[in-house]
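Please look over the sequence and the model below before reading on. The report that follows takes the helices, the core and the charged pairs in turn.

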Amino acid sequence: MIAVGVLLAYAAFVVAMIVAGRRGVARDVMRFIPDCVALVRDLLRDPRVPRRHKRLLGLLVGYLALPFDIVPDFIPVAGQLDDALMVALALRVVLRGSSELVREHWRGPESSLAVVLRFAGAYS
């Protein structure tokens, strides 16, 4: 139920960007989450990524998939912030040892990659 709400809010934001005449930005926003999912999937499959980083990414995917969190998702803002914090911490660890691999596997635009790198504390 929460995932449906998040997807609807995400879709509403993309539609608002299109209506506002910012199709390029809307396209980048629309692709951001799928690009992040593809990045994690590709990193998990890459034999050059250290096993400890793969375990951490696997734990992250499991944590995000669980219906319960440290802060429940039904609590507005705070419920999503703990997920974002977990993503940032995991990416920070992975980027320390594999930043070039992250750049190699990123499928989206450079501007989105810069957001991911800043979010994880690794500046492009």
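The text below begins with how the model is to be read and then moves through its parts.

This is a predicted model, in which local features need pLDDT of at least 70 and side-chain atom pairs count only at pLDDT 80 or more, while totals for chains, interfaces and linings use all residues. Residues are numbered from 1 along each chain as its sequence is written, and side-chain values use heavy atoms, with hydrogens and water left out.

**The nonpolar core**

A nonpolar core is a set of buried Ala, Val, Leu, Ile, Met, Phe, Trp, Tyr and Cys residues joined through side-chain atoms within 4.5 Å. Here buried means under 20% relative accessible area, exposed means over 50%, and partly exposed lies in between, for a 1.4 Å probe and protein chains only. The largest such core has 15 residues, and L43, L95 and V102 are the members that touch the most others. At least two residues of this core come from each of α2 (23–45), α4 (78–105) and α5 (110–119), and α4 gives the most, with five residues. Helices are DSSP runs of H or I with at least four residues, strands are runs of E with at least two, and both are numbered from the N terminus.

If neighbours within four places in sequence are left aside, L43 is in contact (heavy atoms within 4.5 Å) with V49, K54, L57, V94, L101, V102 and H105.

**Helix α3**

Helix α3 covers residues 51–65, and its 15 residues reach 21 Å from the first C-alpha to the last, close to the 21 Å expected at 1.5 Å a residue, where the expected span is 1.5 Å times one less than the number of residues. Which residues of α3 are buried? They are H53, L57, L60 and Y63, and because they cover an arc of only 120° around the axis, they sit on the same side of α3. The arc is that of the directions from the helix axis to the C-beta atoms. On the other side of α3, the residues R51, R55, L59 and A65 are exposed.

**Charged residues**

D35 lies in helix α2 and counts as buried, at 2% relative accessibility. Apart from neighbours within four places in sequence, D35 is in contact with W106, R107, G108 and P109.

A search of the whole structure finds five salt bridges, a salt bridge being a side-chain nitrogen of Lys or Arg within 4 Å of a carboxyl oxygen of Asp or Glu. Among them are the pairs in this table.

| Pair | N to O distance |
|---|---|
| D42 and R107 | 2.9 Å |
| E104 and R48 | 2.6 Å |
| R103 and E100 | 3.7 Å |

D42 counts as buried, at 11% relative accessibility. The pair of E104, in helix α4, and R48, in the loop between α2 and α3, also links distant parts of the chain, 56 residues apart. Both partners are partly exposed, E104 at 48% relative accessibility and R48 with a relative accessible area of 49%.

R103 and E100 are three residues apart in helix α4, so about one helical turn separates them. R103 is partly exposed, at 32%, whereas E100 counts as exposed, at 55% relative accessibility. Finally, salt bridges that share partners join R41, D42 and R107 into one network.
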